[in-house]
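Please keep the sequence and the 3D view open while reading.

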2 protein chains.
Amino acid sequence: MKQRGVTIWLTGLSGAGKSTITEALAQKLREQDYPLEVLDGDVVRTNLTKGLGFSKEDRDENIRRIGFVCNLLTRHGVFVLVSAISPYREIREEVRGKIGDFVEVFVNAPLAVCEQRDVKGLYKRARAGEIKSFTGIDDPYEPPLNPEVECRTDLEELDESVNKILHKLDQLGYLR
Amino acid sequence: MKQRGVTIWLTGLSGAGKSTITEALAQKLREQDYPLEVLDGDVVRTNLTKGLGFSKEDRDENIRRIGFVCNLLTRHGVFVLVSAISPYREIREEVRGKIGDFVEVFVNAPLAVCEQRDVKGLYKRARAGEIKSFTGIDDPYEPPLNPEVECRTDLEELDESVNKILHKLDQLGYLR
């Protein structure tokens with residue numbers, strides 16, 4: 001039977017744990033030989049969205065472009081893992097509508113926790129006014145209303161988060 | 001056996017016949033159930049490269065971005081048909097190097113023939129100075145030195161062009 005593809009879209013604040021979950025999930029799926037692509041922030045910025053900024057318009061164009069590529073891959077049976085803050089609900093829903101096979105994962109930790117982690121030192125710089133339009137500080141984040149999965153990374157272990165996603169994928173019929 | 005993907009890259013002047021060949025080739029491949037995507041000019045401009053212009057830098061970024069998407073699809077077994085003027089040799093070679101499974105089709109008709117066809121009225125506008133940086137008029141076109149296929153659309157019928165490409169794909173082991 002032909003492999004059914006799916007876009008697994010991780011949304012959440014900077015520092016919420018999107019990349020960590022993405023990497024762990026990718027490893028699990030690779031071990032089981034699922035056709036896989038990971039579109040994380042750096043790959044996307046370098047190859048698809050160079051020159052875009054952080055206005056709502058540019059953020060939306062960024063997400064739309066990632067969504068376009070996800071759609072191409074998903075309809076050819078690929079599992080596409082996207083890790084993107086993607087703060088606006090409407091554009092996430094637009095992408096979901098286009099792709100169809102779309103699993104939204106809300107990677108959720110309270111802002112205070114993300115800021116305390118501050119792995120990349122970005123919150124500090126945003127608080128100091130050195131970075132403008134920083135999601136959670138001076139730019140909005142609209143949480144998903146009905147995500148397929150929510151990972152509370154301040155309350156659960158990485159394994160739990162990954163297993164919740166795998167379980168949902170299985171429930172939805174994407175796993176063999 | 002797993003389907004082997006390939007990027008089939010049609011380069012040539014505006015009006016040389018790239019889109020016509022692409023459509024006819026796509027139909028043939030679809031009839032035989034090959035997994036297929038067509039990245040033609042409009043699709044690409046709308047979804048991947050909005051905002052890019054016609055400077056060498058922007059043209060190169062345009063081609064690099066298309067190449068990135070081709071690479072993702074090709075390595076998952078998809079036949080990707082690209083129709084793009086792509087006037088610069090170096091960036092075409094860069095994309096070829098990244099993708100590996102890459103068949104370059106030089107869609108070749110003399111400038112005078114393309115200009116006489118002028119399907120979209122673009123040459124007329126370029127000659128009148130209404131469009132700047134128009135390939136073949138006031139912007140260069142660097143023909144491929146060793147394309148896998150050359151289609152002389154002023155000398156051969158559409159069927160011949162399409163069959164030459166199919167024959168080459170077969171020779172290279174991409175067809176079942």
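The model is predicted.

**The sheet of chain B**

Five strands of chain B make an open sheet with parallel pairing, in the order S2-S3-S1-S4-S5. S2(B), residues 36-39, and S5(B) are the edge strands, each pairing on one side only. From one strand to the next, the twist averages 15°. S1(B) and S4(B) run parallel and are joined by 5 bridges. Within S4(B), Val105(B) is the bridge partner of Leu10(B). Pairing of this kind goes through backbone hydrogen bonds.

| Helix | Strands touched | Angle between directions |
|---|---|---|
| H1(B) | S1, S2, S3 (79-83), S4 and S5 of chain B | about 165° with S3(B) |
| H3(B), residues 56-74 | S1, S2 and S3 of chain B | about 150° with S1(B) |

**Helix H7 of chain B**

H7(B) runs over residues 158-171, which is 14 residues. The distance from its first C-alpha to its last is 20 Å, close to the 20 Å expected at 1.5 Å a residue. Which residues of H7(B) are buried? They are Ser161(B), Val162(B), Ile165(B), Leu166(B) and Leu169(B). Viewed down the axis of H7(B), these buried residues fall within an arc of 130°, so they line one face of the helix.

After H7(B) comes Gly173(B), with a positive phi near 90°.

**Nonpolar cores**

The largest nonpolar core has 40 residues. Those with the most contacts inside this core are Trp9, Leu39 and Val69 of chain A and Trp9, Leu39 and Val69 of chain B. At least two residues of the core come from each of H3 (56-74), S3 (79-83) and H4 (89-99) of chain A, and from each of H3, S3 and H4 (89-99) of chain B. Setting aside neighbours within four places in sequence, Val69(B) is in contact with Leu48(A), Val69(A) and Leu72(A), as well as with Leu39(B) and Leu48(B).

Another core, of 33 residues, lies apart from the largest one; among its residues are Ala26(B), Val103(B), Ala109(B) and Cys151(B).

Key:
Residues numbered from 1 in each chain as written. Chains lettered and ligands numbered in written order. Predicted model: local features only at pLDDT ≥ 70, side-chain atom pairs only at ≥ 80, totals over all residues. Heavy atoms only, no water. Helix = DSSP H or I, 4+ residues; strand = E, 2+ residues; numbered from the N terminus. Expected span 1.5 Å × (residues − 1). Buried < 20%, exposed > 50% of the residue type's maximum accessible area, 1.4 Å probe, protein only. Arc of directions from axis to C-beta. Pairing = 2+ DSSP bridges. Axes fitted to C-alpha atoms, helices over the stretch in contact; angles between N-to-C directions. Contact = heavy atoms within 4.5 Å. Core = buried A, V, L, I, M, F, W, Y, C linked by side-chain atoms within 4.5 Å.
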